[in-house]
Every structure is written in C-alpha cells, then in structure tokens.
Amino acid sequence: MKLKKRAVFNEIRQVLYPDDIRCMVCGREMHPSRYGLCETCKLSLNDNYCLRCGKHKVGIGDYCDECIKLSLKFDEARSAVNYDAAAKSIVHRLKYGNARYLANILSQYLFDILLREHDEWDFDCITFVPIHKNRERKRGYNQAKLLALATAERVDKPCLDLLEKIRATPNQASLGAHERFTNLNGAFSVKAKPPEHVVLIDDVMTTGATASECARTLKNAGAKIVYVLTFASVPEQPVLDTQVQNISEFRNQ
C-alpha cells in the first residue's frame, strides 16, 4: 500500500514539477514556464508598440514614424515579441528546421495578444499568409498555417484557408523596403469569400508589405476589417541610428 501511495505521489509530483523540461532555445533544463524559455533566453516582449503596425516604436506617441510614410491596407497589427537574435533563432527553426512542434508553443504568445485585444478585435475567423506551392512543396509545410491552426484552436475560432500565392516572387529578405511592396503586387488571390472581420497570421513582420498586400486582397474580395497578428516584428529604428553630422542637420531632416 505504501509503495502504491508513493507511486501516486511521484506521478502527481511529475505533473506539477516535471523533470527534464528544457528551454526550446538553449536546451538547458529549466523550471516550467508559460512560454517554454529559461530566464537567460526569454524573449523581449513587444510592449511599447505602434497602434497601427504593432511594431516596437522608439517614440512616446501612439504611432511610429514608419506608419506615417506608408499606406498599409490592414486595419491594425500586433506582434508578441521583438525580432531579436533569440526570436530569429526560434523562427528559423520553425521555418527551416522542420521544428513544427514550435508552432503550438508560439501560439501561446499569439493567444495572449488576442486576450489583450479581446474588447477591441471582433473577428469571425483566423487565416494565414500563404506561401507559393513550389516553396511549400519543398519545405513540406507553411509555418504561418501551423501558427494559425494552433491559435485558432486556442480561441475556438475557425481557421480558414482564404488566400493563395499565385505568383512566385523573389525572397523578401533580399529586397529593400520599397522593393518589398512592389515585389508583391498581384501575388495573392482569394480561394474563398472571406468573412467581414478577419485575423491574418504570419510568423514575422518586417516592413508590413506582405500583410498589407494580403489585406488588400481580402478586402477586395469582401472583407471589411483585417487585423494582422505575428509572433515577432522588426522594431522601428531610432532616427539617431542614421548618420547625422550636427544638430542643425538633424533638425532639418
């Protein structure tokens, strides 16, 4: 009887305080955490964000300087973390390392964003940024779709396959900001009529070009509001990072 009680106790202890939990970035053993990361590798949460594009901003206003210059077609965007070295490592493993299990872990971040925006974001479904069929065939999956499916399950909303990429385009990572927008003109089409309110999910937002073109395509097909949700986004760069010779030149910029 004592052995049985001890076995039950050990099972309960293992559930509450499991052994061999490892950080998904560095692989070190750690205590259980909400996001599966140890204290050393925990990601930089995106708290000071632009109310339009959702990227980390450097100023104290509501919007970043980049949004003032761009005509983005989505209504609002949010991202969970800043795209730093740790976030880049995780995304790279999800995207290129066949680490599909990471999608469920990262969807916890997206779920928390949707909880925070619950009173503001009223949406009918979740969808995802598609990749071209040739690239998906080579990779074996679309990481944005995996994130969308896992997030939709958490919020109990349908995940609809609404978009397809009909034109193969050069990799966005190799292009400048302006080229990223022109590169995607006409690259997407709808596979089904979208509901009025849609959440569009992707892994990373850089300039917002991909999300903007997807939103434009969805709205042309009948969507009224398109929210964008990404795991990570590239932070706004401070103006002081540019080469400024003196204070008068800075004021004239």
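This is a predicted model: local features need pLDDT of at least 70, side-chain atom pairs count only at pLDDT 80 or more; totals for chains, interfaces and linings use all residues.

**Entry 1**

I started with what sits over the buried residues of H6, and the cover includes helix H3 (85–96), helix H4 (102–116), strand S2 (125–128), helix H5 (133–139) and strand S5 (197–205). For me, contact means heavy atoms within 4.5 Å. Helices (H or I, at least four residues) and strands (E, at least two) are DSSP runs, numbered from the N terminus.

Residues are numbered from 1 along each chain as its sequence is written, and side-chain values use heavy atoms, with hydrogens and water left out.

Which residues of H6 are buried? I found Gln143, Ala144, Leu147, Ala148, Ala150, Thr151 and Ala152. Buried means under 20% relative accessible area, exposed over 50%, and partly exposed in between (1.4 Å probe, protein chains only).

H6 covers residues 143–155, which is 13 residues, and spans 19 Å from first C-alpha to last, close to the expected 18 Å. The expected span is 1.5 Å times one less than the number of residues.

At the N-terminal end, Asn142 is the cap, with a side-chain oxygen 3.0 Å from the backbone nitrogen of Ala144. That is a polar contact: a pair of N or O atoms within 3.5 Å, where within protein one must be able to donate a hydrogen and the other to accept it, and residues adjacent in sequence count only if both atoms are side-chain atoms. Just after H6, Asp156 has a positive phi of about 60°.

**Entry 1: the sheet**

Next I traced the strands. Four of them form an open sheet in the order S1-S6-S5-S2, with parallel pairing. S1 and S2 are the edge strands, each pairing on one side only. From one strand to the next, the twist averages 25°. Two strands pair if DSSP finds at least two bridges between them.

S1 (residues 76–82) pairs with S6 (residues 225–233) over six bridges, and Asn82 has Ser233 as its bridge partner in S6.

Why call S1 largely enclosed by the rest of the structure? Because six of its seven residues are buried.

H4 lies across S1, S2, S5 and S6, and runs at about 135° to S6. Axes are lines fitted to C-alpha atoms, for helices over the stretch in contact, and angles run from 0 to 180 degrees between N-to-C directions.

H8 (residues 209–220) has twelve residues and reaches 17 Å, close to the 16 Å expected. I'd call H8 mostly covered, as nine of its twelve residues are buried. Just after H8, Gly222 takes a positive phi of about 125°.

I zoomed in on Thr217, which lies in helix H8. Is Thr217 buried or exposed? Thr217 is buried, with a relative accessible area of 8%. Its side chain reaches the backbone oxygen of Glu213 at 2.9 Å. Leaving aside neighbours within four places in sequence, Thr217 is in contact with Leu163, Phe188, Ser189 and Val190.

**Entry 2: a loop residue**

Leu45 lies in the loop between helix H1 (2–16) and helix H2 (65–69). Leu45 is partly exposed, at 41% relative accessible area. Not counting residues up to four places away in sequence, Leu45 touches Ala80, Val81, Asn82 and Tyr109. Leu45 and Ser79 are 34 residues apart in sequence and 8.8 Å apart in space, C-alpha to C-alpha.

Cys38 counts as buried at 10% relative accessibility, and Cys67 counts as buried at 11%.

**Entry 3: overall tally**

The protein comes to nine helices and six strands. Buried residues make up 42% of its 253 residues.
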